[in-house]
Amino acid sequence: MPRFHGTPTGNIPFTAEEETARDLEEQAWNDASADRKLKEIKEIRLQKLKETDYLANTDMTMTQAMKDYRQGMRDIPQDNTTEEQYDLILARDADKNLTHAIWSKP
């Protein structure tokens, strides 16, 4: 499908070189999909860990369930390495809430 430059006077088709360059840009973007998803997972994970950091204070006693949850958060990258797994972890419901059980606090 040909691509065009939009101009005030109309659409101008890409040259063959521009088509090739754009194809390479799109391929690079698609190739980096898993990296972007892992970055998003790590950002969410960091937020979830920050939400429970107060439990690690010396004057608090953390339950084993919470210790396991926090360890599970830290283990996400090593335990999930495929883009398909990333898609499952990032799945959201109609209200945009994360649905994977890994995000559920004890």
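Lys96 is exposed in this predicted model, and its relative accessible area is 61%. Exposure here requires a value over 50%, so Lys96 falls in that class. The residue belongs to the segment after H4. Its backbone also deserves attention: phi of Lys96 is near 70°, a positive value in a residue other than glycine. For context, most residues other than glycine have a negative phi.

I turn now to the salt bridges. How many does a search of the whole structure find? The search returns 10, and I shall discuss three of them individually.

The first topic is the pair Glu19 and Arg3. Their side chains meet in a salt bridge, at 2.7 Å from N to O. This pair links distant parts of the chain, with Glu19 in helix H1, residues 16–31, and Arg3 in the segment before strand E1, residues 4–7; the two are 16 residues apart. Both Glu19 and Arg3 are buried. They also take part in a network of salt bridges, in which Arg3, Glu19, Arg22, Asp23, Glu25 and Glu26 are linked.

Next, please look at Glu83 and Lys37. These two residues form a salt bridge, and their closest N and O atoms are 2.9 Å apart. Because Glu83 lies in helix H4 and Lys37 in helix H2, the pair ties together parts that are 46 residues apart in sequence. Glu83 counts as partly exposed, at 27% relative accessibility.

Helix H2 also contributes Glu51, whose salt bridge partner is Lys105, with the closest N and O atoms 2.9 Å apart. Lys105 is in the segment after H4, so this pair ties together parts that are 54 residues apart in sequence.

Finally, I come to helix H3, which spans residues 64–79. Where does this helix kink? The kink, of about 35°, lies at Met73, shortly before the proline Pro77.

Key. Residues numbered from 1 in each chain as written. Predicted model: local features only at pLDDT ≥ 70, side-chain atom pairs only at ≥ 80, totals over all residues. Heavy atoms only, no water. Bend = angle between axes of the 7 residues up to and from the residue. Helix = DSSP H or I, 4+ residues; strand = E, 2+ residues; numbered from the N terminus. Buried < 20%, exposed > 50% of the residue type's maximum accessible area, 1.4 Å probe, protein only. Salt bridge = Lys/Arg side-chain N within 4 Å of Asp/Glu carboxyl O.
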